[in-house]
Amino acid sequence: MSAGAAVLGRELRLALRSGGGAGLGLAFFLITVLLMPFGVGPEPEKLATVAVGTLWIAALLACLLSLDRLFQADQEDGTLDILALSPLPLETLVALKAAAHWLSTGLPLVAAAPLLGITLNLPAPAFPWLVASLAIGTPGLSFLGAIGAALTIGIRRGGLLLSLLVLPLYIPSLIFGASAATAAAEGRDPGPAMLLLAGLTLAIVALAPFVGAAAIRLNLR
Amino acid sequence: MSLWRYANPAEFMRVSGRVLPVLWALTAACLAIGLGWGFFIAPDDYQQGATVKILFIHVPAALMAINAWLMMLVTSLIWLVRRHHVSALAARAAAPVGATMTVIALLTGAIWGQPMWGTWWAWDPRLTSFFILFVFYLGYIALWEAVDEPDKAADLTSVLCLVGSVFALLSRYAVFFWSQGLHQGPSLSLDRTENVDNAFYWPLLVSIAGFVLLFLSLVLLRTRTEIRARRLRALQEVEARA
């Protein structure tokens, strides 16, 4: 347990201190949302229809930003070998790293989403559901991202490849998350989409560490 | 004697070298008969007119687009479990063929959809899941290209193929949650009574057989190329060391 706490603490400290890039995801999220009205026009009705999709897609893209360094930085300086040799199971390590990624990247997005929702004229009933769908959906994005990061550890400049591998995996989460918020905006019941999203995220969080750990083992062999 | 005998690259090269010409001949015959029958002999549809004929390409290509991924899944599993190199190389060989089949299905569908649905493209669940499948193929091919070490590339792409299979399937059902369909449901099967009319059924079946054979021939050919490329690489390494 203490080893796990140490790893989590280390990941968060690295993310939060200079060069860690925790704030970068949030800044990227802000700027993507800022660009949207320039693309579709400033009319409030038009923005209201694309608000949910914009916020969700901006969140997906922002999640990707810091993923490529998730394991690569540790692999380059040899830390990953030490961590792999430590008594901490590799699966736990992957889970902790993904959790730290969510805490430093996903959680700020969830917190900023309602503010940005106001600028996009998001319909009032959708606010709680948008925040809830992001809060439930983004952990899954971090854990799926960990799989992609583990697969591309050894590839130099693998960032672009990582997006190609990971973004298609995000489609189900995006569908259910955006459907829940859209349903609320249109006065329909967001329950079913929300439950499917929650189930999906739980399955991802439960299974992704095993896949990620397998990919790391194959990479270190 | 078991099936695994053919996992030996030398044995595979010997057998596939003999089988391949026969396969090519069968492919050519089936495609010529199936497509010729479909294009020139089968009647026009009473509503769709001659447009229906593109389906003799569309349906087999779409079937092979999915089956190619299934084949990659099976061969990836065989590689992960039994570590036969031919298996991993066959998966690698199948990917571009499957991706091409996906593109053919999407393009022929668009050409058919323009006069029939009045649009080249609709965000229909079936169309969308094929688009998604195509992106999965691209990611898989890109990962093979990106990793230098052949065995590691085979390992990592196999893992990606497993994960991709789960999510391609998930997306396939998730898109039904998201959008209503324009595409028709299945109307072709070997065991149900409800089928397309016999006038279309038989030529379609022959063209499907032709596409299956085409896929097999292309995959065998490409696997042979991969094996030769691997052998070349090994020889170059020996040369470099000497």
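**Group meeting: cores, interface and salt bridges**

Let me start with the core. The largest nonpolar core has 112 residues, and those touching the most other members are A:Phe29, A:Trp56, A:Phe71, A:Leu130, B:Met72 and B:Tyr140. Apart from that core lies another, of 10 residues, including B:Leu20, B:Leu23, B:Val86 and B:Leu89. Keep in mind that this is a predicted model.

Take A:Trp56 from that list. Leaving aside neighbours within four places in sequence, A:Trp56 is in contact with A:Leu130, A:Ser133, A:Leu134, A:Gly137 and A:Leu141, and also with A:Ser173, A:Leu174, A:Gly177, A:Ala178 and A:Leu197.

Next, the interface. How many residues does each chain put into the contact? Chain A gives 25 and chain B gives 23. The area buried between chain A and chain B is about 2,100 Å², with 84% of that from carbon and sulfur atoms. On the polar side, the rule finds 2 residue pairs in polar contact across the interface of chain A and chain B. On the side of chain A that touches chain B, helices H7 (126–151), H8 (159–166), H9 (171–185) and H10 (191–220) of chain A each supply at least two residues. H10(A) gives the most, with 9 residues. By class, that side of chain A has 21 nonpolar, 3 polar and 1 charged residues.

The count of salt bridges between chain A and chain B is 1. A:Arg221 and B:Asp155 form it, with the closest N and O atoms 2.8 Å apart.

Over all chains, the whole structure has 16 salt bridges. In chain A, A:Arg10 pairs with A:Glu11 at 3.0 Å between the closest N and O atoms. A:Glu11 is buried at 10% relative accessible area, while A:Arg10, at 25%, is partly exposed.

In chain B, B:Arg14 and B:Glu11 meet in a salt bridge of 3.1 Å, N to O. Why are B:Arg14 and B:Glu11 separated by about one helical turn? Because they are 3 residues apart in helix H1 (residues 9–41) of chain B. B:Arg14 is partly exposed at 41% relative accessible area, and B:Glu11 counts as buried at 17%. Back in chain A, salt bridges that share partners join A:Arg10, A:Glu11, A:Asp74 and A:Lys97 into one network.

The side chain of A:Ser104 reaches the backbone oxygen of A:His101 at 3.4 Å. Beyond neighbours within four places in sequence, A:Ser104 is in contact with A:Ala15 and A:Ala22.

Technical notes
Residues are numbered from 1 along each chain as its sequence is written. Chains are lettered from A and ligands numbered from 1 in the order in which they are written. This is a predicted model: local features need pLDDT of at least 70, side-chain atom pairs count only at pLDDT 80 or more; totals for chains, interfaces and linings use all residues. Side-chain values use heavy atoms; hydrogens and water are left out. Contact means heavy atoms within 4.5 Å. Buried area is the accessible area (1.4 Å probe) that two parts lose on being put together, summed over both. A salt bridge is a side-chain nitrogen of Lys or Arg within 4 Å of a carboxyl oxygen of Asp or Glu. A polar contact is a pair of N or O atoms within 3.5 Å; within protein, one must be able to donate a hydrogen and the other to accept it, and residues adjacent in sequence count only if both atoms are side-chain atoms. Helices (H or I, at least four residues) and strands (E, at least two) are DSSP runs, numbered from the N terminus. Ala, Val, Leu, Ile, Met, Phe, Trp, Tyr, Cys and Pro count as nonpolar, Asp, Glu, Lys and Arg as charged, and the others, Gly among them, as polar. A nonpolar core is a set of buried Ala, Val, Leu, Ile, Met, Phe, Trp, Tyr and Cys residues joined through side-chain atoms within 4.5 Å. Buried means under 20% relative accessible area, exposed over 50%, partly exposed in between (1.4 Å probe, protein chains only).
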